[in-house]
Amino acid sequence: MARWVAGLDGCRGAWAGALIDLDDPARWRCARFPRVIDLLDGPEAPVCVGIDVPIGLPDRVSGGRSADRAARAFLGAGRSSVFPVPPRAAVYAGSYDEAKALSRAHSEPPFAPSIQCWNILRYVREADELLRARSDLVTRLHEVHPEVAFFRLNGEQRLGAGKKGPARAEGLAARRALLIAAGLPAAMVGSPPPPGVAADDHLDAMAALVVARDIAEGRAEPLPNAIERDSYGLPIVIWAPAPLSAPLPAPQSVPLAMRS
């Protein structure tokens with residue numbers, strides 16, 4: 001019997017998705033999904049999905065969500081893409097100005113979301129509305145963060161090159177090598193992104209998939225270890241892959257096309 005797991009990463013108004021069968025890793029699929037539910041209720045019906053979006057929205061934020069603080073502490077000193085998530089009321093604001101005002105009113109110390117944060121809150125609302133409407137999905141959909149995942153897969157060291165900018169090719173190649181070393185099929189990691197999906201989102205979805213696999217196998221690490229819940233009972237936790245000391249599937253060689 002197939003046991004599918006999956007990863008999701010937001011991309012241009014939709015979701016980059018990656019799925020694999022734990023019982024037969026040669027069976028995998030990457031696709032662009034218009035909605036989160038299209039993957040969850042799709043033909044594979046994955047038992048565990050890692051998604052790069054905040055889950056669990058406090059009504060009032062004191063110093064940031066516990067999961068965000070734990071993830072930044074895990075990553076250590078230096079710039080991080082783990083942004084502070086505003087309070088629930090701000091997430092559902094009708095405009096950016098309203099979101100800033102509501103965030104300041106419900107946070108201590110007061111803070112306002114950046115415009116970059118505001119632009120992705122539609123993804124946050126989609127996941128939040130889905131989980132509040134479908135409580136059966138709470139045990140299947142889990143918050144992850146690609147930077148946390150790749151940091152762990154890289155021996156808890158930051159990657160030398162980013163996934164955008166002038167060192168993009170080097171950064172993407174390093175991420176592909178880490179995904180293969182983590183046990184994903186080389187053919188999957190080397191596959192072209194689905195139409196409408198950028199190369200970095202394609203790889204981030206696979207990083208989310210690695211975490212989902214480790215959650216399903218009981219090897220993933222919660223950040224923080226003591227998991228809070230919001231007023232709707234949704235967990236406030238970012239999951240990291242299993243430590244590298246834990247057994248991993250045998251890595252496959254990197255295809256020649258990916259070595260340049």
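Student: Which strands does helix H9 lie across?
Tutor: In this predicted model, helix H9 (residues 199-216) lies across S1, S2, S3, S4 and S7, and runs at about 145 degrees to S1.

Student: What is the strand order of the open sheet?
Tutor: The order is S3-S2-S1-S4-S7, with mixed pairing. Strand S3 (24-33) and strand S7 (141-143) each have a single partner strand, so they stand at the edges.

Student: Why is the pair of phenylalanine 74 and phenylalanine 151 called edge-to-face?
Tutor: The ring centres lie 5.2 Å apart, and the cut-off for pairing is within 6.5 Å. The planes stand at 75 degrees, and angles over 60 count as edge-to-face. The pair is therefore edge-to-face.

Student: What makes phenylalanine 151 count as buried?
Tutor: Its relative accessibility is 8%, and buried means under 20%; phenylalanine 151 is therefore buried.

Student: Why is the pair of tyrosine 96 and tryptophan 118 called tilted?
Tutor: Their planes are at 35 degrees. Stacked requires under 30 degrees and edge-to-face over 60, with the rest tilted, so this pair is tilted. The ring centres are 6.1 Å apart.

Student: Are tyrosine 96 and tryptophan 118 buried or partly exposed?
Tutor: Tyrosine 96, at 21%, is partly exposed, whereas tryptophan 118, at 18%, is buried. The boundary between these two classes is 20%.

Student: How do you know that tyrosine 96 and tryptophan 118 tie together parts that are apart in sequence?
Tutor: Tyrosine 96 lies in helix H4 (residues 96-105) and tryptophan 118 in helix H5, so the pair links parts that are 22 residues apart in sequence.

Terms used. Residues are numbered from 1 along each chain as its sequence is written. This is a predicted model: local features need pLDDT of at least 70, side-chain atom pairs count only at pLDDT 80 or more; totals for chains, interfaces and linings use all residues. Side-chain values use heavy atoms; hydrogens and water are left out. Two strands pair if DSSP finds at least two bridges between them. Helices (H or I, at least four residues) and strands (E, at least two) are DSSP runs, numbered from the N terminus. Contact means heavy atoms within 4.5 Å. Axes are lines fitted to C-alpha atoms, for helices over the stretch in contact, and angles run from 0 to 180 degrees between N-to-C directions. Rings of Phe, Tyr and Trp (its six-membered ring) pair if their centres lie within 6.5 Å; planes under 30 degrees apart count as stacked, over 60 as edge-to-face and the rest as tilted. Buried means under 20% relative accessible area, exposed over 50%, partly exposed in between (1.4 Å probe, protein chains only).
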